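Visitor: Hi! I'd like to talk through this model with you, if you have a moment. Shall we look at it together?

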Amino acid sequence: MNRGLTSVSAIKLFLTFTADDLHSPFKFHEMAKAVALVEQNIKSQKKILIYGDYDVDGITATTLLYQFLKSQKADVQYYIPDRMKEGYGLNKEAIEWADHEGFGLIITVDCGISSLEEIKLAKSLGINIIITDHHQPPALLPVADAIINPRVVDSGYPFSDLAGVGVAWKLAQAIYLKLGDQQKEKVILSEFLDLVSLGTIADVVALTGENRTIVKMGLEAISKTKRLGLKALINVAGIKGKEVSATQVGFLLAPRLNAAGRLSNARIGVELLQSSDHEYCLEQAKVLNQENNQRQSLEKAIFDEALEMIEGNSELQEELVLVLASERWHQGVIGVVASRLVERFYRPVILMTIEGEVAKGSARSIESFHMYHSLEHCKDLLIQFGGHKQAAGLKLPVQNIEAFRRKINKWAQSVLKEEDLIPIIQIDADKEIDGSEEVLAGEIAMLSPFGQDNPCPVFSFRNSKVKEVRAVGANAAHLKIKFESEGKTLEGIGFNMGGHLAWLNDSDRVDAAGILEMNNWNGCETVQLVLKDIQPAPVFSFIDGKQQLADPHKDDILKGFQETAYVKSLSNEVSGEQIPKIALAFPRSKQRAFWHGLAAYQYFNFRRRTLFLTLSLSELWFEGVSAERELNMLGITVLKGDSRLSPKKKAQLLNNFVSGAFPVLLTTPDFLESLENPAELIEDSFIIVDYSNPIFLLEKTKKFTSKFTELLSQSQNFRLLVLAGFFQGKFFKDLQKNFFLEKTYSEIYPGRLEIIDYRELEDKSSYLFNVIKNGESCLVYVMFKHQVDELVKDLSNKGFTMVAGCTARQRPWEQEILAEKVAAGEIKVLITHQPIISSYTRLFKHVVLFNVPHSLAEFCDLTGWPGEGELPKAHLIYSTADLAVRERLLEINFPGRETLGKIYRAFCTLSLREGKTYGSKIEILNKLKSVGFCSFKDATLDAALAIFLELGIIKQSACENIFLEPVQHGEKVALDNSPRFREGEREKEMFSYWRRPAVSPDFTSFIKNFSEQPEKKED
């Protein structure tokens, strides 16, 4: 019933099907016209050209029709366009060549339905055209002699989801019936079933209806094929002698055959599939295997570059349809990369290769977004397009790229709902491990073949215990796991899930979803769960449609929070609804645990929101990661907001927080100040002001305190907690006075931090090896993510096995479990590019600062200082060169007055030149580069435009992010009026405060200056 089968007859047909279930090819209304035209050309021996496509569907369709017509004594040749030089579909140059060569008939396979102008040209030259295609037809059909396409309205054919090769097969059947004067309509031409099945699976069409019959019979034909080229492919794919499945066709055979069309010429594929030369087939199969390996390398490079473009551009991240273009990308593989990006971001993706003045693109979509219809909506901007719901190709002028991006995103906003962008694994049934899995896997096999619109049933195994877990495969890419429940076990395999070992341990409790199938290994057949996803079993459940902590776990957490040693003295104050305005001086790791627990307590007991304010963007980010890690596990969603958010995102964020849907918000006072009604956020909230950063020792920060108090004065109905970090004395008393605090508490006992100073060391790697060779635990800090990957690989190659990397791309709970592995001694060396595990720092014997931290606060997070108990040894092996890199990064992301002045003057120059500067943000950035700003990064120009918008010296229209000419002002505009500028300047001040001691000869003395003994608690 999950497959929409509600009657006994429908179920019977689904489970048991034969060739008798296939439809007659003459149900196509125009099939008789097509057959008559082919028959006429065969009898008169006029030349016939089969015009195919360069993917597997097109290659198999071309091979099938070419071989069949040759068997019917036709004078036939085939033509497949070069993907790079000619692109998809019919082209005028090829038609003119066909005319010159004397072809009287062109039969398209897997293309042609959108080629109106090209077919008009062919007809004008006296060439007859038969279109066999399965792609979505345009509103106006081409004027061909016959169109065989099941998607055409009133085509007459009862099944619309045939692949291109399926349509070509139908034409061959009809020709055979007519020329052979056959009495029986159910001729299937079984010698071509291997090709039909291969192309049908590869093109990811619906495996329902007639396609199920085709693929079921075709898989048997592939396993027994006499086609030497296909045998050679099976051999190089490593599945020789096995019964070939739809999965193996889709993931092993099709990509290798596809490699011909992607990187060289698809003719190789056609020649391979029809060749009778054994040696030739073996050699060509090896060539395709090599090209497939090359394709994979190209895909990875393009994927990484596209990922960097998306993650480095906040505007792109907000768009519903990701549209990217580059001159460096290979046209042959961008479709595969687009599919991977769809999986990653779960939104439609269009990638384009720029060639001179034209961009050629591949589009891939999600379930709720019909790509062909969407391109049709934007056709005024396109030169050519074609495809179907999930995938399409397009061509457009380079100058139209930005207009196209805007238009298709505007269309997406009208057709997509928020829930459409949430990837969902459809669970067919929940199951417990009880020993029945093998029998169930056998029953499931009866539902095959599986594919588009007939997915393999997915089962969930909730709260399962992990008995064993390890990495397998090349580069430890895959996850091998064994689940256990009441003495019963189930093997599992997670392809490309090796990264989960960062958090998975034996005896963990997990939720797993996957497919049950039989696995044959060395002649031994066992059942296994092929994982679709795995994650820690949640500590919360769903009650009345909302996430709630599962009892009694919630009570245990809250009770544990109240009984924590450093909170006991405050239990009366913090456990009630009326919290006094208080200040706490705790070590940074303790204060985080405290406010996380207090935020959870306030939410679960009083449904009160928590607003966390900090002056630093970097602090905001780090605190946000820590809060997400802890609070998400309790079912509490955390938001982060600063002035870099677009107006749309800002409005969404505020609505979610005020409504209580997301009860914890971390932000800056500048962000609040930029709002029309900040009191709306403060009212009845639990306010936490973070004063734990050393920047607050600066005299100039007093003005920031006044900003805080001014904002808070707009409401009296809130609870206030000021976190004072490790500062004492006058500073602590000033806080009490400025915020009218009712109580202050101090619990700081600085531990001794041993500094080992080797700054400016040249051979950092050798030093690190000496530190870790004795097996003592070590935290290594580097500046960038790629350094994490490189160092992990380097250490692993040198024999260090208990090494792991911790990066920003890992999910919060993955980072948490990674840290727990450190605590358990399962990881000895952890390499990170951000201080996201400060509460675990004391578990390390050593902290090696490979590069200079961003700030003193970051140094404290990494080393655990100041903190009670034994602290790790801090090894300083960074150099002054790191500071220059830091300064450069700060100026890129937070341009200063001089840089902003240059960019504004360039903007004015553009306006004088053009009379009026307008366009999307990206277009404006490109125009700025055209007048000599190529050296500026996109992030710099993007930040500059955002600041200018805040200041009102440029304006933005209400329509599609169009920028107008600069606004004229009679006097200079104060940059400090821009919240985004202020936030950036504060980041620079933090770094400036840290820069001097970071390179000071007497670093140890600088650190000691903060080690004041605690004053006694004040009331």
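**Salt bridges, sheets and confidence**

Guide: Happy to! Lysine 120 forms a salt bridge with glutamate 117, and their closest N and O atoms are 3.8 Å apart. A salt bridge here is a side-chain nitrogen of Lys or Arg within 4 Å of a carboxyl oxygen of Asp or Glu. Keep in mind that this is a predicted model, where local features need pLDDT of at least 70 and side-chain atom pairs count only at pLDDT 80 or more, while totals for chains, interfaces and linings use all residues. Residues are numbered from 1 along each chain as its sequence is written, and side-chain values use heavy atoms, with hydrogens and water left out.

Visitor: Where do lysine 120 and glutamate 117 lie?

Guide: Both are in helix α5 (residues 116-124), three residues apart, about one turn of the helix. Helices (H or I, at least four residues) and strands (E, at least two) are DSSP runs, numbered from the N terminus. An α-helix has 3.6 residues a turn, so residues three or four places apart point the same way.

Visitor: Is lysine 120 buried or exposed?

Guide: Lysine 120 is exposed, at a relative accessible area of 54%, while glutamate 117 is partly exposed at 44%. Buried means under 20% relative accessible area, exposed over 50%, and partly exposed in between (1.4 Å probe, protein chains only).

Visitor: How many salt bridges does the count come to?

Guide: By this rule, 31 salt bridges. Among them is the one between lysine 785 and aspartate 789, with the closest N and O atoms 2.7 Å apart. Lysine 785 and aspartate 789 are separated by about one helical turn, because they are four residues apart in helix α28 (residues 785-797). Lysine 785 is partly exposed at 25% relative accessibility, and aspartate 789 is partly exposed at 39%.

Visitor: What about aspartate 304, which residue does it form a salt bridge with?

Guide: Lysine 300, with the closest N and O atoms 2.9 Å apart. Aspartate 304 and lysine 300 both lie in helix α12 (residues 278-311), four residues apart. Aspartate 304 counts as partly exposed, at 35% relative accessibility.

Visitor: And which residues are linked in a network of salt bridges?

Guide: Glu39, Lys43 and Lys178 are linked that way.

Visitor: Changing topic: what is the order of strands in the open sheet of six?

Guide: The order is β26-β31-β30-β27-β29-β28, and the pairing is parallel. Two strands pair if DSSP finds at least two bridges between them. β26 (755-757) and β28 (803-806) stand at the edges with a single partner strand each, so one side of each has no neighbour in the sheet. From one strand to the next, the twist averages 20 degrees.

Visitor: Which helix packs on that sheet?

Guide: Helix α27 (residues 764-772) does, touching β26, β27, β29, β30 (846-849) and β31, and its direction makes about 160 degrees with that of β27. Axes are lines fitted to C-alpha atoms, for helices over the stretch in contact, and angles run from 0 to 180 degrees between N-to-C directions. Within the sheet, β27 (residues 778-781) and β29 (residues 829-832) pair in the parallel sense over four bridges, and valine 780 has isoleucine 831 as its bridge partner in β29.

Visitor: I also spotted serine 879. Which loop is that in?

Guide: Serine 879 is in the loop between β31 (873-876) and α31 (880-893). Serine 879 is buried, at 13% relative accessible area. Leaving aside neighbours within four places in sequence, serine 879 is in contact (heavy atoms within 4.5 Å) with Glu760 and Lys764.

Visitor: What about the open sheet of five strands, what is its order?

Guide: That one runs β6-β7-β8-β10-β9, with mixed pairing. Seven bridges join β8 (residues 358-364) to β10 (residues 391-397), and these strands run antiparallel.

Visitor: Last one: what is the mean pLDDT of the protein chain?

Guide: The mean is 81, and 82% of the residues reach 70 or more. pLDDT is the predictor's confidence in each residue, from 0 to 100.
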